Amino acid sequence: MDHAQFRLVIPSQTRYLNLVTGLAKRAALVAGMDDATAAKVSIAVDEAVTNVILHAYHGEGEHSVELEVRFTEVALEIHILHTGQGIRQDQVVLPDPKEYIKHPRKGGLGLLLMSRFMDEVSFKEDGGSGRNECCLIKKIG
Amino acid sequence: MADLSIEVQEVDGVAVLLPAGFINAHTVRDFEEAMEALVKGGRYTILLNCRDLSYISSAGLGAIMGLIETVREHGGDILLSNLQENVFAIFDTLGFTQLYRVFGDQGEALAAAAPERKG
């Protein structure tokens with residue numbers, strides 16, 4: 001069976017976040033997830049795209065963020081691709097929620113939300129092509 | 001329709017902030033400014049009534065986190081009420097329901113805020 005997929009390319013501007021999260025939520029529903037799970041997928045995608053816009057592209061709005069949504073038999077995969085500053089898997093450090101609550105501060109929660117709401121979160125940095133990727137996977141059922 | 005609109009009410013001596021729509025990296029500055037204006041005006045007990053809040057990302061959580069110490073140092077607090085299921089899930093997943101007092105409705109929150117108002 002062929003796996004369906006589609007792509008959306010947006011400018012690297014936060015004004016398009018609502019569009020992207022709406023799409024992610026609808027994609028999760030189409031994949032067969034319930035409303036609560038679809039909402040979590042949309043939050044994870046918001047965080048991932050926000051990270052690309054604010055950190056990989058340092059808030060510069062003239063770049064592109066590409067979302068590739070893949071429907072497989074077992075999961076929904078959302079790949080977020082960009083040419084900004086990449087991050088390697090070994091550079092990812094998740095904050096400890098208990099420590100965070102003891103010492104409240106701004107920032108640092110996006111990656112934690114992504115990891116809690118998705119089944120798999122991975123990062124790839126391709127130094128050769130300059131194309132970097134964040135991959136979010138939510139299993140169906 | 002705007003992604004976020006914010007209404008501020010004064011109820012029984014408590015500043016009640018009602019965000020409607022989405023709080024994300026695009027809208028968070030408006031939310032932050034509304035909260036900061038209350039604190040600068042000496043309003044240290046703030047109730048966030050989230051009945052019309054569809055969604056909050058970590059940007060919004062960071063804005064709340066950024067003010068919690070200030071209001072508590074002044075004897076106040078930030079309370080939450082009327083959280084929709086997905087908004088509650090975000091707070092609860094991160095353990096924030098231990099950090100903030102969460103109420104089912106505005107009336108319960110206002111009753112709990114009474115001691116702070118007297119102080």
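Trainee: Which residue follows α1(A), and is its phi positive or negative?

Mentor: A:G32 follows α1(A), and its phi is positive, near 105 degrees. The model is predicted: local features need pLDDT of at least 70, side-chain atom pairs count only at pLDDT 80 or more, and totals for chains, interfaces and linings use all residues. Residues are numbered from 1 along each chain as its sequence is written, while chains are lettered from A and ligands numbered from 1 in the order in which they are written.

Trainee: Why is chain B called as compact as a globular protein of its length?

Mentor: The radius of gyration is taken over C-alpha atoms, and the globule rule is 2.2 Å times the number of residues to the power 0.38. For 119 residues the rule gives 14 Å, and chain B has 13 Å, which is close, so the description holds. For the 141 residues of chain A a compact globule would have a value near 14 Å, and the 15 Å of chain A agrees. Along the principal axes, the C-alpha atoms fill a box of roughly 45 × 35 × 30 Å in chain A and roughly 35 × 25 × 25 Å in chain B.

Trainee: How do you know what span to expect of helix α1(A)?

Mentor: The expected span is 1.5 Å times one less than the number of residues. Helix α1 (residues 17-30) of chain A has 14 residues, and its 20 Å from first C-alpha to last is close to the 20 Å expected.

Trainee: Why is A:A38 called buried?

Mentor: A residue is buried with 20 or more other C-beta atoms within 10 Å of its own, exposed with 12 or fewer, and partly exposed in between, with C-beta atoms placed from the backbone. A:A38 has 22 such atoms, so it is buried. A:E99 has 8, so it is exposed. A:A38 lies in helix α2 of chain A, and A:E99 in helix α3 of chain A. Buried residues make up 35% of chain A and 45% of chain B.

Trainee: What makes two residues a contact, and which ones does A:A38 have?

Mentor: Their C-beta atoms, placed from the backbone, must lie within 7 Å. Leaving aside neighbours within four places in sequence, A:A38 is in contact with A:K25, A:A28, A:L29 and A:M33. The C-alpha atoms of A:A38 and A:K25 are separated by 4.9 Å, although the two residues are 13 apart along the chain. In α1(A), A:K25 is among the buried residues, which include A:L17 and A:A28. The buried residues of α1(A) pack against elements that include α2 of chain A and β2 (14-23) of chain B.

Trainee: How many residues does each chain bring to the contact between A and B?

Mentor: Chain A brings 24 residues and chain B brings 23. α2(A) gives the most to the side of chain A that touches chain B, with eight residues. That side has 11 nonpolar, five polar and eight charged residues, where Ala, Val, Leu, Ile, Met, Phe, Trp, Tyr, Cys and Pro count as nonpolar, Asp, Glu, Lys and Arg as charged, and the others, Gly among them, as polar.

Trainee: What describes two packed helices?

Mentor: The angle between their axes and the distance between the axes. Axes are lines fitted to C-alpha atoms, for helices over the stretch in contact, and angles run from 0 to 180 degrees between N-to-C directions. The axes of α2(A) and α4(A) come within 9 Å and cross at roughly 145 degrees.

Trainee: What makes B:N82 and A:H58 stand out in phi?

Mentor: B:N82 has a positive phi near 55 degrees and is a residue other than glycine; A:H58 is not a glycine either, and its phi is positive, about 55 degrees. B:N82 lies in the loop between β5 (77-81) and α3 (85-93) of chain B, and A:H58 in the loop between α2 and β2 of chain A. B:N82 has 21 C-beta neighbours inside 10 Å, so it counts as buried, whereas A:H58 has 11 and is therefore exposed.

Terms used. Helices (H or I, at least four residues) and strands (E, at least two) are DSSP runs, numbered from the N terminus.
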